[in-house]
Amino acid sequence: MNKFIITVTLFLFSLMLSQAQTTTLKAGETAPDFKLKNVDGKEVSFASFPKAKGYIVVFTCNTCPYAVAYEQRIIELDKKFKAQGYPVIAINPNDPEASKADSYEKMQHLAKDKKYPFPYLFDDGQKITDQYGAKRTPHLFIVSKTAKGNVVEYVGAIDNDPEGTKTEKTKYAEDVITALKSNQKPAITQTKEIGCTVKRKVKA
């Protein structure tokens, strides 16, 4: 086995190990706060929404076909629920060196082109991505603001229609927020996230 094959093998093993060690938050756990740069240059955190009852945190990106398929549905979530106290906060988890079309400048162009009504945040160094354990795009975390802090209520997919072709679909995100607005615990707190894997910079 030559040095090149050995190097590649070791890299792949270390990559698999690092991904395996990334634990995704679960319902009932504390949602870490953050302060990340929005496409308008301003920093955004949970405190940017003082009247919010909770938050729809979605890790998404410019490039993944699944993320693109969900763009309009994410916009609709914000339009429907922001006024009810549950704004969307979108975070791009991809490293721009690993995915050049996910650079901050490209994010600005996309947000302007699609007229995003919500913040679209750049996670420099993927620190918040790792804290949440976001693994795919899109990966959704619905959070409640409580007396004990910000608590995760649901983790997973937005709905059960990643291709956007079903006439009838189970709208996980909407069902969760409807339950929370009625002061009830959601019937489903976790589903399988569906999308492209988060793109990470190759470490030397």
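Reader: Which residue does a disulfide join to Cys 64?

Author: The partner is Cys 196, with 2.2 Å from S to S. A disulfide here is a pair of cysteine sulfur atoms within 2.5 Å, so this pair qualifies. Before we go on: this is a predicted model, where local features need pLDDT of at least 70 and side-chain atom pairs count only at pLDDT 80 or more, while totals for chains, interfaces and linings use all residues. Residues are numbered from 1 along each chain as its sequence is written, and side-chain values use heavy atoms, leaving out hydrogens and water.

Reader: Why is the disulfide of Cys 64 and Cys 196 called right-handed?

Author: Look at the torsion about the S-S bond: for Cys 64 and Cys 196 that is about 80°, so the disulfide is right-handed. The two ends sit 132 residues apart, with Cys 64 in the loop between E3 and H2 and Cys 196 in strand E9 (residues 196-197). Those labels come from DSSP runs, numbered from the N terminus: helices are H or I with at least four residues, strands are E with at least two.

Reader: What makes Cys 61 count as buried?

Author: Its relative accessibility is 2%. Buried means under 20% relative accessible area, exposed means over 50%, and partly exposed is in between (1.4 Å probe, protein chains only). At 2%, Cys 61 therefore counts as buried. Cys 64 and Cys 196 are both buried too.

Reader: And what makes Gly 28 exposed?

Author: Gly 28 has a relative accessible area of 59%, so it goes in the exposed group. You'll find Gly 28 in the loop between helix H1 (3-20) and strand E1 (36-38).

Reader: Which residues is Gly 28 in contact with, leaving aside its neighbours within four places in sequence?

Author: Val 151 and Val 152. Contact means heavy atoms within 4.5 Å. Gly 28 and Val 151 are 123 residues apart in sequence, yet their C-alpha atoms are 5.9 Å apart in space.

Reader: By how much does H2 bend, and where?

Author: By about 45° at Glu 71. The bend at a residue is the angle between axes fitted to the seven residues ending there and the seven starting there. Glu 71 is one of the buried residues of H2, along with others including Tyr 70 and Ile 74.

Reader: What makes a group of residues a nonpolar core?

Author: They have to be buried Ala, Val, Leu, Ile, Met, Phe, Trp, Tyr and Cys residues, joined through side-chain atoms within 4.5 Å. The largest such core has 33 residues, and Ile 56, Tyr 120, Leu 140 and Ile 142 have the most contacts inside it. H2 gives the largest share, 6 residues. In soluble globular proteins, nonpolar side chains tend to be buried together.

Reader: What makes E2 and E8 edge strands?

Author: Two strands pair if DSSP finds at least two bridges between them. 7 strands form an open sheet in the order E2-E1-E5-E4-E3-E7-E8. Strand E2 (43-44) and E8 are at the edges, as each pairs on one side only.

Reader: Why is the pairing in that sheet called mixed?

Author: Strands of a sheet pair through backbone hydrogen bonds, either parallel or antiparallel. E4 and E5 pair in the parallel sense over 3 bridges, whereas E3 and E7 run antiparallel, joined by 6 bridges. E7 also runs antiparallel to strand E8 (residues 149-156), with 7 bridges.
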